[in-house]
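Dear colleague,

I am passing on the structure we talked about, and it is placed just below. Please look it over before reading my notes.

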Amino acid sequence: MTGGRLLLASRNAKKLRELRQVVADAGIVGLEVVGLDEVAPFDELPEDAPSFEGNALIKARQGYRETSLPCLADDSGICVDALNGMPGVLSARWSGRHGDDAANTALLLAQLADVPDQRRGAEFVSACALVIGPEESDRTTVRGTWRGTIVRGMHGDGGFGYDPVFVPEGSERTAAQLTPEEKNAVSHRARALAQLVEPLRALAARIPE
């Protein structure tokens with residue numbers, strides 16, 4: 001291990017900030033969380049696995065291999081019931097342009113235009129992979145889900161991705177209308193990361209003071 005750094009394999013500033021906050025809220029100390037822009041650059045492998053877990057592992061394994069830092073990676077997306085679980089792992093490039101949130105969301109809304117309200121169920125999925133060494137036993141993969149409904153227009157300017165069109169179960173506001181604290185308490189990513197609190201605590205305990 002190099003120092004007390006934990007690499008989050010992401011260049012998405014909002015996702016990185018969200019993940020950092022969730023880790024901080026868990027009370028884990030002794031780990032300096034850094035993103036891909038804060039380590040030496042390397043050619044990133046394509047995320048071409050058929051599952052969220054597979055893509056998270058691709059990123060976490062490569063991050064560890066390239067930097068020798070313990071690496072936490074997230075692969076997430078939205079699975080819409082009426083689209084047979086799509087966009088799924090294609091969520092970030094649903095419109096054909098990777099990371100174009102506005103285009104991806106607009107396409108999703110267009111595809112659901114004729115779907116009645118009672119059939120607009122969906123869930124956000126986050127798979128998180130933690131790789132702390134070269135062995136199979138050094139890998140942990142978890143999944144968190146967040147059920148809700150796709151509404152017919154965009155509401156709110158917080159969050160990112162499909163947040164402005166997703167109303168979580170039990171809420172009247174979209175994920176983009178929630179405060180960061182509210183979202184971090186219940187989101188798919190928070191639910192996945194909650195399962196990694198103990199492995200991260202154990203990792204922090206191994207770092208010399």
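What follows is a short account of the whole chain and then of two of its residues.

This is a predicted model, in which local features need pLDDT of at least 70 and side-chain atom pairs count only at pLDDT 80 or more, while totals for chains, interfaces and linings use all residues. Residues are numbered from 1 along each chain as its sequence is written, and side-chain values use heavy atoms, with hydrogens and water left out.

The protein chain has six helices and six strands, these being DSSP runs numbered from the N terminus (helices H or I, at least four residues; strands E, at least two), and along the sequence they follow the pattern β-α-β-α-β-α-β-β-β-α-α-α. The C-alpha trace spans about 55 × 30 × 25 Å along its principal axes. Of the 209 residues, 48% count as buried, which stands for under 20% relative accessible area with a 1.4 Å probe, protein chains only.

Ser91 sits in the loop between strand 3 (71-80) and helix 3 (101-111), and Ser91 is buried, with a relative accessible area of 3%. Leaving aside neighbours within four places in sequence, Ser91 is in contact (heavy atoms within 4.5 Å) with Gly77, Ile78, Asn104 and Tyr162.

Lys183, for its part, belongs to helix 4 (residues 180-186) and is also buried, at a relative accessible area of 5%. If residues up to four places away in sequence are not counted, Lys183 touches Glu18, Trp146, Gly159, Phe160, Asp163, Ala175 and Leu178.

With kind regards

How values were computed:
Buried < 20%, exposed > 50% of the residue type's maximum accessible area, 1.4 Å probe, protein only.
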